[in-house]
Amino acid sequence: MMRAWWATREPREQRVLLIGAAVSAVLLIWALVWYPLQRSRGELRQRVETQRAELEQMRSDSARAAQLRGLGARAKVERQGKSLLALADATARGAQLANELRRVEPVGPKSVRVSFEGASFDALADWMEGLARDFGVVATDFSADRAEGTGRVNARVTLEEP
């Protein structure tokens, strides 16, 4: 059936149809195969570059974390022999939390629980950040309830040394 139809076409018309079919085939291959592959390849290159940049940032952050860990370990020596209990008490008082400090009690060999009433949340956050930065002491547990006054909390913090 196709051959009969083709045979009835004039040679000039056959050439035009062949050229049209070839151009259509090339465009279909480009649209359905080549273009999607090229686009995916470009997207993959971009993802690889992004991931390389993220990896470099993570390596930099890892080196910085190791450096800070070392500072925390050295800070333990710079505590002038103070136990974690004494350090928590002294630093809380130095952070203008003396009036709000209610109790400092040992929880384990390397941890203490500190209780505050009506303390400024911002001052507590700064105090905990300073302990971590300067002495390598981290807060492993923190709970707080709203207290009377703006930005005031009743809080319990468990501190742990490395």
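View 1. Helix α4 has 15 residues, and from its first C-alpha to its last it reaches 21 Å, close to the 21 Å expected at 1.5 Å a residue. The model shown here and in the other views is predicted. Buried residues of α4 are L124, W127, M128, G130, L131 and F135. These residues lie on the same side of α4 because they cover an arc of only 160° around the axis. D122 and D126, on the other side of α4, are exposed.

**View 2. The four-stranded sheet.** The open sheet has four strands in the order β1-β2-β4-β3, and the pairing is antiparallel. Strands β1 (101–108) and β3 (138–146) are the edge strands, each pairing on one side only. From one strand to the next, the twist averages 15°.

**View 3. Pairing of β1 with β2.** Strand β2 spans residues 111–120 and runs antiparallel to β1, to which it is joined by six bridges. V104 has V114 of β2 as its bridge partner.

**View 4. Helices packed on the sheet.** Helix α3 (residues 84–94) packs on the sheet and touches β1, β2 and β4 (152–160). The direction of α3 makes about 155° with that of β1. Helix α4 (residues 121–135) also packs on the sheet, where it touches β2, β3 and β4. The direction of α4 makes about 150° with that of β2.

**View 5. The largest nonpolar core.** This core contains 21 residues, of which L97, V114, F116, L124, W127 and L159 touch the most other members. At least two residues of the core come from each of α3, β2, α4 and β4. The most come from α4, which gives five residues. Two of the core residues named here, L124 and W127, are also among the buried residues of α4.

**View 6. Surroundings of V114.** Which residues are in contact with V114, leaving aside its neighbours within four places in sequence? They are A88, L101, R103, V104, W127, A155, R156, V157 and L159. One of them, V104, is joined to V114 as its bridge partner. Two others, W127 and L159, are listed with V114 among the core residues that touch the most other members.

Methods:
Residues are numbered from 1 along each chain as its sequence is written. This is a predicted model: local features need pLDDT of at least 70, side-chain atom pairs count only at pLDDT 80 or more; totals for chains, interfaces and linings use all residues. Side-chain values use heavy atoms; hydrogens and water are left out. Two strands pair if DSSP finds at least two bridges between them. Axes are lines fitted to C-alpha atoms, for helices over the stretch in contact, and angles run from 0 to 180 degrees between N-to-C directions. Contact means heavy atoms within 4.5 Å. The expected span of a helix is 1.5 Å times one less than its number of residues. Buried means under 20% relative accessible area, exposed over 50%, partly exposed in between (1.4 Å probe, protein chains only). The arc is that of the directions from the helix axis to the C-beta atoms. A nonpolar core is a set of buried Ala, Val, Leu, Ile, Met, Phe, Trp, Tyr and Cys residues joined through side-chain atoms within 4.5 Å.
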